[in-house]
Amino acid sequence: MVEALLVIDNLHKRFGNVEVIKGVSLTVGKGEVACIIGPSGSGKSTLIRCVNALVPFEQGSVTVLGIEVNDPKLDKLKLRKHVGMVFQQYNLFPHRTALQNVMMAPIQVLKRNKAEVEAEAYALLKKVRLEGKEHSYPGELSGGQQQRVAIARSLAMKPDLMLFDEVTAALDPETVGEVLITIRQLAEEGMTCVLVTHEMGFAREVANEVYFTDRGVIVEHAPPASFFTNPTDPRTKAFLSQVL
Amino acid sequence: MRVILPLPEVLQRESSRALPVMRLSWRHGILLAGLLCLFTIAADAAGTSPIRSSVFAVLARWTPLLLHGFALNILISVLSMAIGTALGAFLGLALISPDRPLRGTAWGVTQFFRNAPWLVLLFFMIFILPYHLHIGSFDFVLPDWSKAVIGLSLPVMANVAEIVRGGVQSIPNGQWEASESLGFTRHQQLWMIILPQAIRRMLPPWMNLYAILTTSTTLASIVGVNDVVTLAGQVLSAEGSRPDLLAPIYGYVLVMFYIYIYPIAWATRRLEHKYQVRN
């Protein structure tokens, strides 16, 4: 068993009177890829937002590299240095070029040397195959290209854990592939990833463990080979028969 | 064939195209200038006699004085806008502060000054502010126009605060989320990510506010400032209160305001259009 990097233990989250997460526990080891699937409204996005403290939660524990997130004295900056997040709507800063988007956080947040960061930013954009687009503004890039800039922007902080929140859901079908290639490359390099996704084929290929959530609980989890071929829970079976 | 739309739909279309704020077009200018000429010629034809000078001669004679008064209107508008914007920017940032008491106080101040009639605020300032100001051994006389500046800058402040708040809140939440997850502090998020985007959206309503403020500087004439409207009244008295001069003189003042404000209204619309296309 590899060293655990992310441990979620009995997490509960409510919005007003609605409990959207009802006691979720999962563990992701270093270098592993966890895919969370499930019908919309089942609390998947909220779950990963709890991991980097974008959303506060009432009960339970989330630890990233031993840092407890459910702690009123949490040093959010320290947590966020370890956790990168990519969103469905890319959320690039539209008033900055692709290169500046990648460079901003290391310079402003980590106070690193500009020349060094710039060299790394060029390398990161090359890695996500956006050479030549460094000086384009987000509005001049396609959805797939913007999403790859967003991935590079998160990687610039050198995180230990990457969270992907339905990152291909807003993309045109023909650009989904180019983003998935980038994520797969990351996974192969040993980046620990948690993906909320609707791309079943992709989950099957890259995941170490697939989690199926419904109405705020994890109904079933298994390595992809057995998850997709022999689901045990009737809800999982019903969901898979709809999407596969 | 003409398509006849049901009435509510027509109304909706109209209201979405033009908000009930001032929308000047060059046609208004032509209309105004045409009316002025018409009045002037009519007044001229009716009123010229050997002992009375022609309307054109009267306008020409008093133009330097009226322009002088108009310059005071512009001065009042520029200073009120500057003070109101500086204060309003702080107030607007307080309106979006996570600190509850601060936000609540700012909300109260904003609502009070936004909903108070401008003229009442002007009167209030004229009477509440001292005639003399002692700073150390210096003794300033506060002229009425400077009190008008302060009086007008208060509603400007409240309106600018609302523009700032609206501009910041129009930026999608994802921008906050993305920058927060990258570790930016709230202060950095606001100044590096949110405000640079929001300012572009604030500019058109801010310019619109300035145009409204400029027209409102004529309220200062009611509280005794020698602005262009006060001077126009004095010109009329000096010319022996000839009724034929009323329309031409005030029309002349209207044209002055139009010439000053129209380019601002035009630029505002250009900017609005530009940002609409980009967003």
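What separates B:Glu162 and B:Arg165 in helix α6 of chain B? Being three residues apart, B:Glu162 and B:Arg165 are separated by about one helical turn. Their side chains meet in a salt bridge (3.2 Å, N to O), a term that stands for a side-chain nitrogen of Lys or Arg within 4 Å of a carboxyl oxygen of Asp or Glu.

## Before we start

This is a predicted model, in which local features need pLDDT of at least 70 and side-chain atom pairs count only at pLDDT 80 or more, while totals for chains, interfaces and linings use all residues. Residues are numbered from 1 along each chain as its sequence is written, chains are lettered from A and ligands numbered from 1 in the order in which they are written, and side-chain values use heavy atoms, with hydrogens and water left out.

Helices (H or I, at least four residues) and strands (E, at least two) are DSSP runs, numbered from the N terminus. Buried means under 20% relative accessible area, exposed means over 50%, and partly exposed is in between (1.4 Å probe, protein chains only). In the opening pair, B:Glu162 is buried with a relative accessible area of 15%, whereas B:Arg165 is partly exposed at 25%.

## Where the two chains meet

Let us turn to the place where the chains touch. Chain B brings 15 residues to the contact and chain A brings 24 residues, where contact means heavy atoms within 4.5 Å. Together the two chains bury about 1600 Å², with 61% of it on carbon and sulfur atoms. Buried area here is the accessible area (1.4 Å probe) that two parts lose on being put together, summed over both. B:Glu177, B:Ser181 and B:Leu182 supply 36% of the area that chain B buries against chain A, more than any other three residues.

Six residue pairs are in polar contact between chain B and chain A (both at pLDDT 80 or more). A polar contact is a pair of N or O atoms within 3.5 Å; within protein, one must be able to donate a hydrogen and the other to accept it, and residues adjacent in sequence count only if both atoms are side-chain atoms. On chain B, the elements giving two or more residues to the side that touches chain A are α7 (173-181) and α8 (186-216). Of these, α7(B) gives the most, with seven residues. By class, this side of chain B has six nonpolar, seven polar and two charged residues. Here Ala, Val, Leu, Ile, Met, Phe, Trp, Tyr, Cys and Pro count as nonpolar, Asp, Glu, Lys and Arg as charged, and the others, Gly among them, as polar.

## Salt bridges

Over all chains, the whole structure holds 16 salt bridges, and two salt bridges are counted between chain B and chain A. The side chains of A:Arg49 and B:Glu177 meet in a salt bridge (2.7 Å, N to O). A:Arg49 lies in helix α1 (residues 44-51) of chain A and B:Glu177 in helix α7 of chain B, so the pair joins two chains. A:Arg49 is buried at 14% relative accessible area, and B:Glu177 is buried at 16%.

Within chain A, the side chains of A:Asp214 and A:Arg235 form a salt bridge (3.1 Å, N to O). The pair links distant parts of the chain, with A:Asp214 in strand β9 (residues 209-214) and A:Arg235 in helix α9 (residues 234-243), 21 residues apart. A:Asp214 is buried at 10%, while A:Arg235 is partly exposed at 33%. There is also a network of salt bridges linking A:Arg112, A:Glu116, A:Glu120 and A:Lys158.

## Nonpolar cores

A nonpolar core is a set of buried Ala, Val, Leu, Ile, Met, Phe, Trp, Tyr and Cys residues joined through side-chain atoms within 4.5 Å. The largest one has 76 residues, and those with the most contacts inside it are A:Leu6, A:Val64, A:Leu161, B:Val168 and B:Phe184. Its largest share, 11 residues, comes from α8(B). Apart from it lies another core, of 49 residues, including A:Leu125 and A:Phe228.

## Two buried serines

B:Ser153 sits in helix α6 (residues 144-169) of chain B and is buried, with a relative accessible area of 2%. Leaving aside neighbours within four places in sequence, B:Ser153 is in contact with B:Ser80, B:Ile83 and B:Gly84.

B:Ser77 belongs to helix α3 (residues 55-95) of chain B and is buried at 0% relative accessibility. Not counting residues up to four places away in sequence, B:Ser77 touches B:Tyr210, B:Leu213, B:Thr214 and B:Thr217.
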